[in-house]
Amino acid sequence: MNKELIDQAKEKFALILQEQLARVDAMKKIQVSTDYSLLNPIIIGICFGDGIGEVISKHAETVLRHVLKDQVQSGKIAFRDIAGLTIENRVKHNKAIPDDVLEELKGCHVILKGPTTTPQAGDQWPNIESANVAMRRHLDLFANVRPVMIAKEGIDWCFFRENTEGAYVLGSRGFDVSEDLSVDFKVTTEQGSERIIRMAFEYAQKNNINRVTVVTKSNVVKTTDGRFSRVAFRVAKEYPEIKLDEWYIDIMTAKLLDPLRRKDFKVMVLPNLYGDIITDEAAQLQGGVGTAGSANIGQKWAMFEAIHGSAPRMVKEGRAKYADPCSMIRAAAMLLNHIGYLDPAKKVSMALDICGEYEKKIVITGRDNGATGQDYTNYFLSWLDNPRLEESWKEFSSKSD
Ligand code: IPM
Ligand code: MG
């Protein structure tokens, strides 16, 4: 009996190992990064998602189209709306991302993606894989870059979360070996670790930051986290002006709450699941998960999104129109930055700071005692078009010091 179960498990495990070794081989091949300045037009896909995603990504699209209207007119930028990433359509095709939607996504250069519902045990949906996780894997978006800033405390964090390995890459591939035994897999590769760690160091170097922190649990999860940490110390040798320190994820979550220590952290690089958890904590400190954007970057494609989910509860309670579009607008600013439109990116960020942190004339609460996302977007656009935007931003930020 046990032998039969073990043989079945071995077969599944062998397949997983084959796939992962093939992935390593693919990563070893030299890949060229997309040079956006050579593209004509740059195709921006807007993927609406579902739940509050449909509402807030429309607001972010309005903002993007607004700041890029000249480039759209001159043919430098083209927008493509991508429907079909709703939970209903995904369930209909029984796929995390239906094939035709995936082809459409691959036809874009960058993507702005609204939150999508991730089925969980016990809900009304079959247990298909998360669209986020699938998209990150299919487009090899290995770097999940999540900045968090709390200006008044001098906090300026940038998290580099590994996005295609760890506990996630095989998160839907674990299995019940017997009626009583379940097994999941966590994968770490030399190449997968190196590319995200290198990106963190490059970012630190470019921004004159002399500290990078690698976050693991390598004292306990010795093999996979051990490798991640080892690679970090190897890569660090190439950046002698930057000091690398290692923190364990448990104490790191505590230290982010320590007002005396937290602003000393700058650049953090960490495996997938730890990055997922700690960036929600960090975003909450910034003002809530609705305020944070997230970049998913690969060599060929890049996707920008909110860090939160589709909030089905808000939709069920009829509150979708009160959802905060700032996370998606922040993601739009990151997209602009990534494709080299630094000026519009800066304007969007400044208007976000003024509306959300400084002036706060209209406030979103997520409920009917606050503004709707539409009203907020109008307020935001009025600042974006204000000729005194930069001057006012400077005034506001000097007062808040
Ligand atoms: C995130 C989200 C996703 C993740 C979910 C929706 C699968 O929490 O982007 O952080 O866990 O990565
Ligand atoms: Mg998360």
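The structure is a predicted model, in which local features need pLDDT of at least 70 and side-chain atom pairs count only at pLDDT 80 or more, whereas totals for chains, interfaces and linings use all residues. Residues are numbered from 1 along each chain as its sequence is written, and side-chain values use heavy atoms, with hydrogens and water left out.

The search of the whole structure found 2 cavities of 30 Å³ or more. Lining residues, defined by an atom within 4 Å of a point, include Glu162, Val187, Phe228 and Pro271 in the largest cavity, where the lining comprises 3 nonpolar, 4 polar and 2 charged residues; here Ala, Val, Leu, Ile, Met, Phe, Trp, Tyr, Cys and Pro count as nonpolar, Asp, Glu, Lys and Arg as charged, and the others, Gly among them, as polar. The second largest cavity, also of about 40 Å³, has among its lining residues Val133, Arg137 and Tyr168.

An open sheet of mixed pairing is formed by 10 strands in the order β2-β1-β3-β12-β11-β4-β5-β10-β8-β9, where strands are DSSP runs (E, at least two residues) numbered from the N terminus and two strands pair if DSSP finds at least two bridges between them. Because β2 (77-82) and β9 (243-248) each have a single partner strand, they stand at the edges, and one side of each is left without a neighbour in the sheet. Strands β3 (residues 110-113) and β12 (residues 302-306) run parallel and are joined by 4 bridges, with leucine 112 partnered by phenylalanine 304 of β12.

The second largest pocket, an open set with protein on both sides within 12 Å along at least five of seven lines, holds about 470 Å³ of space. Of its 22 lining residues, Arg23, Ala26, Arg137, His138 and Asp140 lie nearest its centre, and helix α1 (a DSSP run of H or I, at least four residues) gives the most to the lining, with 6 residues. Domain 1 (37-141 + 298-401) and domain 2 (145-291), whose bounds come from an automatic or database domain assignment, both contribute to this lining, so the pocket lies between them.

Methods: Chains are lettered from A and ligands numbered from 1 in the order in which they are written. On a 1 Å grid over the protein atoms alone, a cavity is a set of points where a 1.4 Å probe fits but cannot get out, and a pocket is an open set with protein on both sides within 12 Å along at least five of seven lines; lining residues have an atom within 4 Å of a point. Grid points are joined across faces, edges and corners, and a volume is the space filled by probe spheres set on the points.
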